[in-house]
Amino acid sequence: MFLLLSVLLAVIVEFWLSYLKKTNDTEKRKERLGITKAFIWIDKDQNYYIKEHSWNELILLLKKDFTKLQSHFMFQMLDWEQKGQLDVLDFLNITEALKLHYTLKDADTAIENTEIG
């Protein structure tokens, strides 16, 4: 009886993990499609690149709490080849850059709110 329950539990867990992976893959595809569409929208001159000045204008318009230095830093994080411009592959890493930005922002807030002895 115990062996049967163990096998049944293993099958259920395997099915559940497979379902989660499939759902996660679908969400990632939707996210990448949305990011690619955003890149095309931002790339007004349709040269398949975004220069830093266009990036800064967009970020400072969308994120009022960003400074020009933060916008520059994020551009540099995305432009990992240091070309001075972003292509669509660089742009697809934007979600990771935003996660890092907010992680660093939360860390800064935690440090500022920490009272020292």
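**Close-up views of a predicted chain**

**View 1. Lys44 over the face of Trp41.** Here Lys44 sits over the ring face of Trp41, 4.4 Å from the ring centre. A charge counts as over a ring if NZ of Lys or CZ of Arg is within 6 Å of the ring centre and within 35 degrees of the ring normal. This is a predicted model, in which local features need pLDDT of at least 70 and side-chain atom pairs pLDDT 80 or more, while totals for chains, interfaces and linings use all residues. Residues are numbered from 1 along each chain as its sequence is written, and side-chain values use heavy atoms, without hydrogens and water.

**View 2. The pair Trp55 and Phe91.** The ring centres are 6.3 Å apart and the planes stand at 85 degrees, so Trp55 and Phe91 make an edge-to-face pair. Rings of Phe, Tyr and Trp (its six-membered ring) pair if their centres lie within 6.5 Å; planes under 30 degrees apart are stacked, over 60 edge-to-face, the rest tilted. Trp55 belongs to helix H2 (residues 52-62) and Phe91 to helix H4 (residues 88-91), 36 residues apart. Helices are DSSP runs (H or I, at least four residues), numbered from the N terminus. Both Trp55 and Phe91 are buried, that is, under 20% relative accessible area with a 1.4 Å probe, protein chains only.

**View 3. The aromatic cluster.** Zooming out, Phe39, Trp55, Phe75 and Phe91 form one aromatic cluster. The count of aromatic pairs is three.

**View 4. Buried residues of helix H1.** Helix H1 covers residues 2-42, and Ile35, Phe39 and Ile42 are buried in it.

Methods. Helices (H or I, at least four residues) and strands (E, at least two) are DSSP runs, numbered from the N terminus. Buried means under 20% relative accessible area, exposed over 50%, partly exposed in between (1.4 Å probe, protein chains only). The expected span of a helix is 1.5 Å times one less than its number of residues.
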